[in-house]
Amino acid sequence: MWHPYAAMPASPAPYLVDSASGVRIRLRDGTELIDGMASWWAAIHGYRHPVLDAAAHAQLDRMSHVMFGGLTHEPAIKLSEELLAIVPAPLRRVFFADSGSVAVEVAIKMALQYWQACDRPARNRLLTIRGGYHGDTFMAMSVCDPVGGMHHLFTGALTEQVFAPMPPVEAGDEQWRSQTADLVERHSDSLAAVIVEPVVQGAGGMRFYSPAYVDHLRALCDRHGLLLILDEIATGFGRTGTMFAAEHSATSPDIMCVGKALTGGYLSMAATLCTDAVADAISSGPGGAFMHGPTFMANPLAAAIAAASLELLHTNDWKAQVGRAETALKDGLAPALELDGVADVRVCGAIGVIELADAVDVDRVTRRAMSEGVWLRPFRNLIYAMPPYICTEDDLATICRAMVAAAAA
Ligand code: PMP
């Protein structure tokens, strides 16, 4: 088997997991690890949550899947209603996809079909900011950071997009604002949309930037009639301290992608939401339909679990959970600032990052964290945690200790 971003065979070999419950992963050799990654940021309620397990069992007894072409079902209807109740108000239509990358493909396809319907097919490129990550499929890769992403491997095969500089951490950088305004203006005739991860750039480098710049991008889109796509796949469902990162600046996108934590980390499912204006234009354009429809679209099992997971966010008081994690990460990671070779320590909601001056030795850092009873998956020069929201203060303190020890190692 091939493992993610790995050679064949993977070296070192992956650790064999037997089971997981709560915030703990159990390895075959009996080792128990607190999962500081929430399984790539998705398992926000932890593993084997009784409410999510019950939702899965109940849905299995009705049907695990049925095609979505010409048929519909209660789990999808319920999930759509729950999603529409929490997303920024102008978003009123939901398209279910199978993964985050596909949700991004769908968002971009929506933007392109929108401009075809508006009789402006030349508007078919995207503007984004450097340092982003939007997935591993081809259109998604084309808007990932051109240096840190995979562009060098696929030169010539990727659609050429327009890249603005990374937005600064602090608000009020006039140079960034005017540079970006010029770029949008210069390319506006060929641009369909601006796509960004709002406030937190995840897999592109765990960078945070001021919400004021998301607002600025919205204003530029409005000025030039472009669509704004927000990729909330990593930031959605409370991770940054607001339900969606767009809420830090009250920015409303035209199209938004969610995924990862949507099913509480149980199954692969994502969604692309859009406004009536986008949906209406596409539906009355050439062909009269949106041209996408994956086999497992709106999978009932995933949808039933996702609906239960959204309810759980509310009953668990996610804001208090994320607030507790934020405080614990700030307190627990502060000692890392004293270490040689640590370039920065930053926290936003339930995201804690130790940035080193040099690249980490992934194997060594992983083993050091494991010796502290914690599962981490560092990359580049970043040791970070995005733990399940249900972590106790003790769990969070253990995660922080492991991160600091790993950075010291
Ligand atoms: N967008 C963002 C912001 C992401 O963080 C990710 C996954 N790390 C994706 C898209 C792609 O999602 P998936 O891995 O589910 O395809």
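**Close-up 1. W40 sits in helix α1.** W40 is not a glycine, yet its phi is positive, at about 55 degrees. Helices (H or I, at least four residues) and strands (E, at least two) are DSSP runs, numbered from the N terminus. Please keep in mind that this is a predicted model, in which local features need pLDDT of at least 70, side-chain atom pairs count only at pLDDT 80 or more, and totals for chains, interfaces and linings use all residues. Residues are numbered from 1 along each chain as its sequence is written, and side-chain values use heavy atoms, with hydrogens and water left out.

**Close-up 2. W41 and Y384 form an edge-to-face aromatic pair.** Their ring centres are 6.1 Å apart, and the planes make 85 degrees. W41 belongs to helix α1 (residues 38-41) and Y384 to strand β16 (residues 382-385), so the pair ties together parts that are 343 residues apart in sequence. Rings of Phe, Tyr and Trp (its six-membered ring) pair if their centres lie within 6.5 Å; planes under 30 degrees apart count as stacked, over 60 as edge-to-face and the rest as tilted. By this rule there are eight aromatic pairs.

**Close-up 3. Helix α3 (residues 74-86) packs on helix α9 (residues 300-315).** The angle is about 35 degrees and the axes are 8 Å apart; axes are lines fitted to C-alpha atoms over the stretch in contact, and angles run from 0 to 180 degrees between N-to-C directions. The crossing is left-handed, that is, the near helix is turned anticlockwise from the far one by less than a right angle. Contact residues (heavy atoms within 4.5 Å) include L79 and L83 of α3 and A303 and L310 of α9.

**Close-up 4. The second largest pocket has a volume of about 270 Å³.** A pocket is an open set of points on a 1 Å grid over the protein atoms alone, where a 1.4 Å probe fits, with protein on both sides within 12 Å along at least five of seven lines; lining residues have an atom within 4 Å of a point. The volume is the space filled by probe spheres set on the points. Among the lining residues are F95, M110, C274 and H292. Strand β4 (91-97) and helix α8 (276-284) each give two or more residues to this lining.
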